[in-house]
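Have a look at it first, and then we'll walk through a few spots together.

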Protein chains: 2
Amino acid sequence: MSSRGGSQPTPTEVSRAHAQVGTDERRARVAWSRVLENRRERASDVRLHLLTEVLRIGHVQAWHRLVDGDLPKCASARAHVASVDVEAELDRVARTGARVVIPGDADWPLALSQQDIEPHLLHVRGQGCLADLVQRAVAVVGSRASTGYGEAISRELGAGLATRGWTVVSGAAYGIDAAAHQGALAVEGPVVAVLPCGPDRAYPEGNRRLVDAVAERGVVITELATGTVAMRHRFLARNRIIAAVAAATVVVEAGLRSGSLNTAGWAEFLGRPIGAVPGPVTQMSSAGCHEWIQKGRASLVTDSADAIALAARVGDAVDQPVEQLGPARVLDAMTTVQRRVHDVLRSRSVRSVGAVAHELVLPVEDVLAELSVMSVEGWAEQDDGGGWRRGRGPS
Amino acid sequence: MSSRGGSQPTPTEVSRAHAQVGTDERRARVAWSRVLENRRERASDVRLHLLTEVLRIGHVQAWHRLVDGDLPKCASARAHVASVDVEAELDRVARTGARVVIPGDADWPLALSQQDIEPHLLHVRGQGCLADLVQRAVAVVGSRASTGYGEAISRELGAGLATRGWTVVSGAAYGIDAAAHQGALAVEGPVVAVLPCGPDRAYPEGNRRLVDAVAERGVVITELATGTVAMRHRFLARNRIIAAVAAATVVVEAGLRSGSLNTAGWAEFLGRPIGAVPGPVTQMSSAGCHEWIQKGRASLVTDSADAIALAARVGDAVDQPVEQLGPARVLDAMTTVQRRVHDVLRSRSVRSVGAVAHELVLPVEDVLAELSVMSVEGWAEQDDGGGWRRGRGPS
């Protein structure tokens with residue numbers, strides 16, 4: 001039930017609610033965004049019912065149906081339509097220095113329009129073009145209760161990614177998030193902060209200067225209406241946006257129940273690669289990272305090069321890792337024994353079959369058989385004297 | 001060429017060489033072991049040729065053929081038969097407190113008799129029965145240039161494994177190896193040290209007391225003849241025995257080129273699971289561990305429970321992890337979304353579809369569909385009121 005006890009709009013209020021939106025997609029989305037965020041109830045089927053209805057018939061039509069009471073199960077939402085003032089809302093947004101961006105705008109990141117996770121709109125504050133910024137972006141997230149170790153890694157990751165032209169996406173929280181942003185800002189690199197509150201706020205308030213700095217170099221975004229304060233369910237929903245705009249999500253320090261693993265969960269849901277940075281096993285601060293690596297849900301990441309390799313697997317605007325990944329994949333196609341043989345061969349000098357067999361403590365016959373197979377693929381080359389050198393693989 | 005310049009045994013020496021072995025398998029293996037280790041040449045096809053010949057026709061017959069000059073390509077080995085004194089060798093072994101164990105003896109670990117890695121014999125020193133000790137064994141290996149962090153983990157692993165009745169196998173080197181042994185000894189647990197030198201020696205000499213302590217609680221083993229000193233190729237060959245007698249190998253701290261990764265390579269070759277303990281990415285001391293985890297060659301291990309779970313996957317004498325692993329494997333069969341749904345369900349209270357959908361920010365219809373599928377396998381259960389609780393999976 002709504003905070004207004006279920007009272008429904010008067011005929012005058014209904015007319016005004018229709019008129020506010022008309023046929024304008026942007027205004028319809030602003031209205032919807034406000035109606036939904038005004039609702040005080042927490043867990044409820046209605047919100048999701050609304051989302052699916054809206055997705056089916058579109059925001060404009062859904063708004064008019066809602067106002068007319070023609071959306072089933074949405075009585076509690078309808079009770080809020082009278083309180084919506086689209087014009088005032090747009091004014092408030094503009095006063096924060098933000099703009100409303102909706103699907104179809106040049107600024108809208110296509111990555112957000114998949115698998116029913118699309119926000120109604122985004123408030124975007126800052127100089128950058130959001131769609132451009134997230135063309136090559138990696139999310140760096142982690143615990144607020146971070147250690148000096150975690151913060152150093154996060155800063156390094158942020159700086160390393162930004163230096164290589166990758167946008168650093170995070171949530172502007174204390175600890176790992178802040179360090180990632182700071183790292184990117186320190187090298188004047190591209191950066192995006194996704195807030196769990198309205199565009200007029202910062203969360204935590206203590207990071208307001210950081211958020212402003214992000215807006216100056218990149219953009220600060222939120223799907224939430226002005227005045228909205230951070231709450232648990234909003235963190236969870238915010239995390240899906242972090243995961244969705246980034247090609248990969250890297251978790252730096254997370255305990256077993258860290259909220260940052262929720263972001264990783266979103267990345268998993270979206271089919272994006274997840275990285276996790278290990279740390280001392282003697283501290284719980286990296287236990288969540290270790291668990292995800294252990295279960296195969298995250299890849300182990302040690303630095304920004306690892307993070308980029310992870311992100312680049314799915315990205316298309318890649319500069320460096322294409323050549324790197326090619327051979328690596330083919331190398332994986334070698335058998336374990338072949339990889340061992342390849343390891344002991346040298347590219348600039350030859351070794352006898354016997355020497356290789358001796359070092360690997362394998363029968364000569366077996367090594368010879370493997371070398372023959374490897375020479376077909378170019379992984380090993382025989383010289384005129386019968387010795388073997390390491391080959392570079394398929395050319 | 002041999003150290004004796006290729007001179008071959010006289011008829012008298014030939015008779016004596018035959019007589020020393022007769023039809024005794026143990027004496028033949030002692031003789032072979034001595035002939036091969038006497039050879040000063042390093043990399044060479046001959047040793048491996050010998051190994052394969054011997055494996056085919058057996059040690060006794062191969063010995064007599066060698067003595068008669070009927071083994072092709074083995075002239076250099078034959079030059080050493082005159083210097084072999086089996087009786088004196090057995091005396092020397094006995095004086096070190098060791099016994100000669102060969103395949104077929106009750107002490108012989110079957111795990112050593114596979115894939116052409118079988119030693120000719122083992123010198124076993126200590127109170128324990130080797131075959132029993134390695135029934136449930138985990139190898140703990142790592143860098144000699146270890147950090148305090150690595151040593152603490154290694155000690156903890158050694159103690160944790162031993163406490164749970166798992167034998168700790170290592171190489172008695174400085175650093176990680178020594179710490180693993182010490183951890184096991186501290187809880188008076190089962191322990192095995194594999195030496196890269198003869199049974200009368202310790203390597204490094206500084207660890208002689210540690211080696212003696214291991215012999216008192218468990219066994220110290222080596223395939224090398226008395227008097228043999230540690231050399232690079234002997235470390236590599238020794239490592240195969242460490243990997244072979246253990247159900248799993250765990251690497252604690254290894255740089256990118258650490259010798260302990262050679263042991264891990266053997267475990268891989270033998271198809272045994274490999275674990276690696278992560279550490280700070282800011283130090284190179286764990287870089288080898290991180291690389292192996294990253295490439296999927298090792299599983300991330302944080303404690304002795306992880307190590308046991310790894311080892312128990314292939315072992316049969318398992319006490320605890322059977323129930324653990326069953327459901328875990330089945331859990332993996334759930335889709336990502338199903339796992340997320342399963343995570344938010346509770347086993348002792350019910351939640352509405354809407355509440356679950358809201359927390360996961362998923363459409364109600366999708367969650368309902370997943371729950372239906374999950375209920376078939378018992379992963380979710382619906383109560384009379386329509387709410388859902390977490391199920392325990394297939395029963």
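Which helices and strands of chain B do the buried residues of H9(B) pack against? They pack against strand S3 (137-142), helix H8 (148-163), strand S4 (167-170), strand S5 (191-194), helix H10 (208-217) and strand S7 (248-252) of chain B.

Some ground rules: this is a predicted model, where local features need pLDDT of at least 70, side-chain atom pairs count only at pLDDT 80 or more, and totals for chains, interfaces and linings use all residues. Residues are numbered from 1 along each chain as its sequence is written, while chains are lettered from A and ligands numbered from 1 in the order in which they are written.

Helices (H or I, at least four residues) and strands (E, at least two) are DSSP runs, numbered from the N terminus. A residue is buried if 20 or more other C-beta atoms, placed from the backbone, lie within 10 Å of its own. Ten of the eleven residues of H9(B), residues 176-186, are buried, so the rest of the structure largely encloses this helix. Just after H9(B), Glu188(B) has a positive phi of about 55°.

Now for Val194(B), which sits in strand S5 of chain B:

| Feature of Val194(B) | Value |
|---|---|
| C-beta neighbours inside 10 Å | 27 |
| C-alpha separation from Cys74(B) | 29 Å |

Leaving aside neighbours within four places in sequence, Val194(B) is in contact (C-beta atoms, placed from the backbone, within 7 Å) with residues including Val169(B), Arg238(B) and Ile242(B).

Notes: Buried ≥ 20, exposed ≤ 12 C-beta atoms within 10 Å, placed from the backbone. Contact = placed C-beta atoms within 7 Å.
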